[in-house]
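Q: Could you take a close look at one helix in this model and walk me through its surroundings? I would enjoy one connected account.

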Amino acid sequence: MKVFDSLKKKAEESKKVIVFPEGNDERIIKAAVRLAEEGIVEPLLLGKPDEVIKSAEKLNVDLGSIEIINPAVYSDFEKMCQDFVELRKGKNTLAEAKEILQDVSYFGTMLVYEGKADGMVSGATHSTANTVRPALQIIKTKKGMSRVSGAMIMERGDEKYIFADCAINIDPDSETLAEIAYQSSKTAEMVGLDPKIAMLSFSAKGSAKGPMVTKVQDATDLVHQKYPDLVCDGELQFDAAVSPRVARTKCPGNPVAGHANVFVFPDINAGNIGYKIAQRLGGFDAYGPILLGLNAPINDLSRGCNALEVYSMAIITAALS
């Protein structure tokens, strides 16, 4: 079964509530209507109802029973503000909370925190920072995690891989790379892979030297120390990580080389470029970026996304919750 089909099946079985802060965006409306009609996800749209309904009428679609919440007149707004102040532990006053929670990204994240929604999909008109910042402040990271990363699920026929970090950490240090490796291994397991993690570099097992190589070597050592059950090695060049023939020449006897299915890139340049090359020239389907390390699923869209991508990300988010 294809990755997306298995995630869709999981989402259908649980029928989670997913909140969309950008409720009057036409792409969001199209995706929400399809999700509701197919009974996969229960969409919750944020915005002024008259504006959302007007946008839907323009698209000639029926919102049916899809719930729309206007943060400005939300009945539990006072309680939400008080909860936010308590959550922030003195970092914000009640007056500040009332202003902050008018922001739909913060409001939507609080709905997830308070159990009114199971997850959130945002970013059609907001930046990644607008999605991630509220998530870090409200949802926070899982126990033992101090960072969030962004992974892509890559699929072509029977081939499945995880690429990370492709979205969040611009120039991760060794500790961050080690955490990305762990988070990515959990995503691999979610899609049925037995994770074999390659810590990527332009060097293979000491073929080059320098701070960029040392960073990946140190990250590999940290993975072995902190997560000894993971099958992980580095530093590895990409060809050595995926090709058994190359691996026999460059890294004979290596437990990961030639068989890797999780690739941890040394920085966001490599990760972002790498997945797009695989997608555009290699014919891979790319799902994500999926935000890893949070206590609840909050996922980011590209501002250039289309309705199908919103639909897909909502299903992935529901499957993760």
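A: Helix α8 is mostly covered, with 12 of its 17 residues buried. Bear in mind that this is a predicted model. The buried residues of α8 are Ser174, Thr176, Leu177, Ala178, Glu179, Ile180, Ala181, Gln183, Ser184, Ser185, Thr187 and Ala188. Their cover includes the strands β5 (149-156), β6 (159-164), β7 (196-200), β9 (262-264) and β10 (285-292), along with helix α9 (211-226).

After the helix comes glycine 192, with a positive phi near 90°.

Now for the sheet. Six strands make up an open sheet with mixed pairing, in the order β8-β7-β9-β6-β5-β10. Its edges are β8 (231-236) and β10, each of which pairs on one side only. From one strand to the next, the twist averages 20°. At the β8 end, β7 and β8 run parallel and are joined by five bridges; here lysine 196 stands opposite valine 231 of β8.

Strand β7 covers part of α8, and Met199 is among the residues with the most contacts inside the largest nonpolar core, together with Phe20, Leu45 and Leu63. That core has 58 residues, and helix α13 (residues 307-320) gives the most to it, with eight. Apart from it lies another core of 30 residues, including Ile69, Val104, Tyr106 and Val148.

Terms used. Residues numbered from 1 in each chain as written. Predicted model: local features only at pLDDT ≥ 70, side-chain atom pairs only at ≥ 80, totals over all residues. Heavy atoms only, no water. Buried < 20%, exposed > 50% of the residue type's maximum accessible area, 1.4 Å probe, protein only. Helix = DSSP H or I, 4+ residues; strand = E, 2+ residues; numbered from the N terminus. Contact = heavy atoms within 4.5 Å. Core = buried A, V, L, I, M, F, W, Y, C linked by side-chain atoms within 4.5 Å. Pairing = 2+ DSSP bridges. Axes fitted to C-alpha atoms, helices over the stretch in contact; angles between N-to-C directions.
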